[in-house]
Amino acid sequence: MNFSAETRAACNTAAAKRSYNLQRFLDGWALFYENPVGKLGVFLLACFGVMALISYIPPLIDPMYHPMTGVDPWISNATGPSAKHWLGTDNLGRDLFTQLLTGARIAFMVGISAAFMSIVFGTLIGMIAGYAGRVTDAALMRFADMIMVMPSLLVVLLLASLFGQLNIWIIVLLIALFRWPGVSRVIRSQTLSLKQRPFIDMARVAGASHMRIIFRHILPNVLPMACLYMTFRVTSAIIVEAALAFLGFGDPNTVSWGMMLQWVWKTGHMFQAPYWLLPPGICISLITLSFYLIGRAMEEVLDPRLRKEENFE
Amino acid sequence: MALLEVENLTIAYKTRRETAIAADRVNFSLERGRSVGIVGESGCGKTTLGMALLRLLPSNGFVKKGRVTFDGMDLLSLPDTRMQRVRWKRIAMIFQAAMNAWNPVQRIGDQILEAIRTHDPKITKAEAVKQVEQLYELVEIPADRIFDFPHQYSGGMKQRAIIAMALACSPDLIIADEPTTALDVIVQDQILQKIKAIQKEKNIALIFISHDIGVVAGVCHEIMVMYRGKIVEAGRREEVFEVPVHPYTRALLSSYLTIDGVFEIRDKQSPAPPCTPAEPLSKELCGYVHLCPHASEACRSRPPQWREITPTHKVLCSLCR
Amino acid sequence: MHFRKLIFRRIIEVMAIFFLILTGLFLLFHLSPGDPVSRMVQPGMSAEDASMLISQLGLDQPLWLQYLYYVKNFFTGNFGISFHYGQPVIHIIGRRLPNTILLFTTSVILSAAAGVFWGKLVAWYKGRPIDTWVTILALVCHTLFLPWIALLFIWIFAYHVGWFPLNGMITPEVWINPSAGFLTKAADIGHHMLLPLLTLFIIHVGSYLLIMRSSMLETLKEDYILTARAKGLSEKRVRNRHAAPNAYLPVVTSIGLSLAFSINGGALTETVFSWPGIGRELIFAVSNNDYPLALACFLFISLVVLVANVIVDVLYAYLDPRIRY
Ligand SMILES: Nc1ncnc2c1ncn2[C@@H]1O[C@H](COP(=O)(O)OP(=O)(O)OP(=O)(O)O)[C@@H](O)[C@H]1O
Ligand code: SF4
Ligand SMILES: [Mg+2]
């Protein structure tokens, strides 16, 4: 009787909300695309995307271009750019250009997967803390505070020393495990304000379970903010991975930009081989810049006041 | 010559989509010691008008045309530094959002002292404090609260303190933008009485902005009714109250007066919903035409004209002739 | 007073967090594969020394008792013997910690001050060329990869131009000379510190600037700014007396949140410049499997971050009367 009417009302608002969200998304995209900052970010990112894609090609042309194992038989020293090696070679005769291309692939892989995981953790924990309130909330937030004051790079290092050599996926997981608190704080405060809105009460009256409320009613509303955070987390993940690799704790089976920098540093070529020193650093800096620019452009679309934690890392 | 003369003032906001007119060809003048009330529904441009007089429009707002003459000065073309000397010393403003009008990290007393000492650099601190104490007496706040922080004040106290600050430099004109909207009825009444008494005592000119025609009637000598950026009816309080001519004024009054028949108001309808800025305001035709019960063919084809009911009472409507 | 109670509560909170970190580290140490004894006691040690160390650290006791020993040892400063140095870990920490604190605090304070100053100005001139260019510059600084920029600086300023020493913190010849006064020594340290400081400065100043800029832009929308203008204050006074003090608050919060990040950067900088700090020591110890040293370094770094957090909270409470009163 009355009950079904209410259910229907709840459904109607949900449907209306969906179309409203879509409209908001389209408006937001228009705003985003108007913004030169966002455009520049997308352009840079596209360049790196192309780099990552074509990184598969050189090893097919000649095994000497394999970034890890390919060695130019005629070269036994670090050499500058040439027609055969566009950026030169490292001290073992490996081609720097293919290493650079492969680095883009690794950066994307690490950045996006770590960011995605940390956003999933952060959003879940934030929604649960905000929705459950009371003790759960306090406990989760204290826990988040604790993780937040830990220097993530050094923690991962320490774990590496305790648990032995890390492979790239463990590194990704660890980065994600230490980067969620900032996200969960924001998502929590958004959830708290959403909880005050009538449509949540309506859903509850209509008999929706907590799970359903969280995933059907709250999640869609916090998703834009989570996306925003994801772009910032990508940059942070790329930087942490690069720093780990730079310090010699990367996955020895991958070529990342951080690894390239470690090689040029550790083999003492940094004063002699600018062609080796410059490109990886420029790439790391630019790829972080591009994600960061995209994040900022998105942020202008979303409500920037919701963000308390600034985007460090 | 009157203290304040506003001629043909047109104010617009640039937004991403368009340039929206928020006040359209506003004319009025105000003598020393007189008070005028501006009434109208939310979003009709009252605040915009007040801000424009002090040249405090937001960065996307600008005066399109018109003149504002204050005490012989053309306010709109005054150099910035001279305008700074006019602000507060000559024209003070009580803001709509008194709750947020105080800097939260500075003591209230210091903020008032700042106003006094900016305009009178020679005054000593002790003298200035003495002045603040007198002002506090006037607005009935205990003097030992002067140097509290804003968050330690209640809403009504903040509002009273704002009034005290507005009086601090003995201005010639005060613009009060809904000074009581956020308060409960009793406090609201006290503060209105205060404003009225002070205005009379100090012979200050007052522009009183409100969406509540009853409040305005209690405070002001003259009333201007604003609708969608235009003044549609202006006159002395008694005239507007007793012989409201414009259909919108009548609607406002009817929602204010529940006893029917006193003013023979027949239009039993609620005031128009707030206008959206997306609808063009600059259109020459009467903006009220879609809600007006008296709208005729003439209203839909010709712009309304100003009519004088009496020398002091004017209406912008095609209805009466 | 309210203020004191607040700070007191914060200190308790921070102590609890530190205790959790302490415990977490213990658990990790025992969960990880590998024998705790062989990780804490260097293989080459004489049997006597080894057994003494083992009993000191409680490694022959049941796990829960070991934990108590561990906590007690933390408070008495007994962290075992460093494998690499062959000295008690606490001595090494004692030597390294001041160097880190020197570099860390100087860099945070300088970059925050500069970032706040420029952020304030740039927000004020929003939309003008100076805003656009400084903001772009800040964005670029913020996203530069720290170790790389450190290497680049060494390459340019120390190697090519030769203005600065390549690495380290002191020139031994200067310090050996008995006639060297305090000023000479301080100048020597300053000379060594400039490049690492510049590196950290460049990396951090951008983020502080961006935060201050956006905070300032938010503040400028507030009603009290309008009041300040209406009062006839000069624009400069509105900016410096009314907008800026309010805009500082979110910046201070972010500084607190970013301290952990700053210490990461500090460790990287120390490593590249061979600055004898605790961050470099940690990285070094981890590379050499010097577990006693690594664990202790980590604990002290956490402690530095937590203490800095409390200081930041005090600063916040000092700046915001809503907390103070
Ligand atoms: N900064 C702005 N940019 C664009 N449009 C604005 C801006 N400020 C106000 N407006 C528009 O100008 C019109 C008049 O606004 P104003 O604030 O003057 O209304 P008001 O009469 O004071 O209303 P209220 O009683 O709610 O205070 C509104 O339609 C509003 O949407
Ligand atoms: S002009 Fe016509 S439509 Fe407008 S208020 Fe008068 S009668 Fe109504
Ligand atoms: Mg208003």
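Because the model is predicted, local features need pLDDT of at least 70 and side-chain atom pairs count only at pLDDT 80 or more, whereas totals for chains, interfaces and linings use all residues. Residues are numbered from 1 along each chain as its sequence is written, chains are lettered from A and ligands numbered from 1 in the order in which they are written, and side-chain values use heavy atoms, with hydrogens and water left out.

Across this interface, 48 residues of chain A are in contact (heavy atoms within 4.5 Å) with 55 residues of chain C. One salt bridge, defined as a side-chain nitrogen of Lys or Arg within 4 Å of a carboxyl oxygen of Asp or Glu, is counted between chain A and chain C; A:R142 forms a salt bridge with C:E13, and their closest N and O atoms are 3.7 Å apart. Six residue pairs, both members at pLDDT 80 or more, are in polar contact between chain A and chain C, where a polar contact is a pair of N or O atoms within 3.5 Å and, within protein, one atom must be able to donate a hydrogen and the other to accept it, residues adjacent in sequence counting only if both atoms are side-chain atoms. On the side of chain A that touches chain C, the residues divide into 32 nonpolar, seven polar and nine charged, with Ala, Val, Leu, Ile, Met, Phe, Trp, Tyr, Cys and Pro taken as nonpolar, Asp, Glu, Lys and Arg as charged, and the others, Gly among them, as polar.

In chain B, B:S42, B:G43, B:K46, B:T47 and B:T48 come nearest among the 15 residues around ligand 1, a residue being near if one of its heavy atoms lies within 4 Å. A polar side-chain atom of B:T48 lies 2.4 Å from an oxygen atom of ligand 1, and a polar side-chain atom of B:E178 lies 3.1 Å from an oxygen atom of this ligand, while an N or O atom in the side chain of B:N60 is 2.8 Å from a nitrogen atom of ligand 1. The shell around ligand 1 comprises five nonpolar, eight polar and two charged residues.

The shell around ligand 2 divides into nine nonpolar, three polar and no charged residues, and includes B:C286, B:C292, B:C299 and B:C317 together with B:H246 and B:H294.
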